[in-house]
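Please walk through the protein model shown here with attention to its pocket, its backbone and its charged pairs. Cut-offs are given where each term comes up.

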Amino acid sequence: AIKLRLNNAWAVEYGGTNGTLVKAGANINVTEGNYDITINLSKGTYTVEASKPWGVVGDATANGWNGPDVKFRPDFFAENVYVVDNITLKDGSIKIRNNDAWTLEYGDNGADGVLDAGGANIAVKAGNYSISMDLSNSKKPVYTLTKK
C-alpha cells in the first residue's frame with residue numbers, strides 16, 4: 001500500500017480509492033512493481049499505472065544482451081527525459097529499449113546522438129558514464145553519453 005505525501009512528511013498526505021484522492025484517506029493498494037503515478041490536486045484524482053521502464057542493454061553492460069537492462073529514471077525537471085547515472089560500461093555496444101524487451105528499441109544509425117527505432121548498436125569505450133535520453137520530440141528522440 002502507498003500514500004502520497006508532501007515534502008516527505010505526514011502533515012499533508014493523501015490516500016484514496018478508485019482514482020479519487022482523499023486527504024488523510026485510506027491507503028492505496030498496489031502490488032510489487034514499478035509504477036507511474038499521476039496526481040491532480042485540483043480535480044482530486046490520481047492514477048497508478050504499471051510503468052514500462054526504459055533501459056540500457058548490450059555487450060558493454062554487466063548483464064549483456066539478455067538483460068535485465070540497467071534502468072533509466074525520469075528526470076524530474078524535464079518532461080519525457082530519462083537518465084542513468086554512473087553506469088559502468090565495457091568496450092562494446094549498447095542499445096536503449098523499453099520494458100526489457102525488443103518490441104521498442106533504439107540505436108543510432110549515424111552516431112549523431114539521434115535515436116533511430118531499430119537503429120545500429122551504439123559503440124562505447126570502457127568507463128563510467130551518464131546517459132540521458134530525451135523523448136520530447138517523438139520524431140527525433142536524442143541521447144547524450146557523458147563519460148565521467
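D100 is partly exposed, with a relative accessible area of 33%. Here buried means under 20% relative accessible area, exposed means over 50%, and partly exposed is in between, with a 1.4 Å probe and protein chains only. The model is a predicted one, in which local features need pLDDT of at least 70 and side-chain atom pairs count only at pLDDT 80 or more, while totals for chains, interfaces and linings use all residues. Residues are numbered from 1 along each chain as its sequence is written, and side-chain values use heavy atoms, with hydrogens and water left out.

D100 sits in the loop between β10 (92-98) and β11 (105-107). Strands such as these are DSSP runs (E, at least two residues), numbered from the N terminus; helices would be runs of H or I with at least four residues. The backbone of D100 has a phi near 55 degrees, a positive value in a residue other than glycine.

The side chain of D100 also takes part in a salt bridge, with K71, where the closest N and O atoms are 2.9 Å apart. This pair links distant parts of the chain, since K71 belongs to strand β7 and D100 to the loop between β10 and β11, 29 residues apart. K71 is partly exposed, with a relative accessible area of 33%. A salt bridge here is a side-chain nitrogen of Lys or Arg within 4 Å of a carboxyl oxygen of Asp or Glu. By this rule the model has 5 salt bridges. Side chains of opposite charge can pair when their charged atoms come close.

A second salt bridge to look at is that of R97 with D69, whose closest N and O atoms are 2.8 Å apart. It too links distant parts of the chain: R97 is in strand β10 and D69 is in the loop between β6 and β7, 28 residues apart. Are R97 and D69 buried or exposed? Both R97 and D69 are buried.

Another of the salt bridges joins the side chains of K3 and E13, at 3.1 Å from N to O. K3 lies in the segment before β1 (4-5) and E13 in strand β2 (residues 13-17), so the pair ties together parts that are 10 residues apart in sequence. K3 is partly exposed at 23% relative accessible area, whereas E13 counts as buried at 13%. The loop between β1 and β2 holds L6, which is partly exposed, with a relative accessible area of 46%. From L6 to G55 the separation is 49 residues in sequence and 29 Å in space, C-alpha to C-alpha.

Two further backbone features lie in loops. A cis peptide bond joins G67 and P68, with omega about 10 degrees, and P68 is in the loop between β6 (54-57) and β7 (70-71). The loop between β11 and β12 (116-117) contains A111, a residue other than glycine whose phi is positive, near 50 degrees. A111 is exposed, with a relative accessible area of 72%.

Next comes a sheet. It is open and has 4 strands in the order β8-β9-β14-β15, with antiparallel pairing. Its edge strands are β8 and β15 (142-147), each of which pairs on one side only. Two strands pair if DSSP finds at least two bridges between them; β8 and β9 run antiparallel and are joined by 2 bridges. P74 stands opposite Y82, which is in β9.

A pocket is found on a 1 Å grid over the protein atoms alone, as an open set of points with protein on both sides within 12 Å along at least five of seven lines; a cavity, by contrast, is a set where a 1.4 Å probe fits but cannot get out, and lining residues have an atom within 4 Å of a point. Grid points are joined across faces, edges and corners, and a volume is the space filled by probe spheres set on the points.

How much space lies in the largest pocket? The largest pocket holds about 480 Å³. It is lined by 19 residues, and the closest to its centre are Y35, D36, S51, P74 and Y82. At least two lining residues come from each of β4 (35-40), β8 (73-74) and β9 (81-89), and β4 gives the largest share, 3 residues. By type the lining has 10 nonpolar, 3 polar and 6 charged residues, where Ala, Val, Leu, Ile, Met, Phe, Trp, Tyr, Cys and Pro count as nonpolar, Asp, Glu, Lys and Arg as charged, and the others, Gly among them, as polar.
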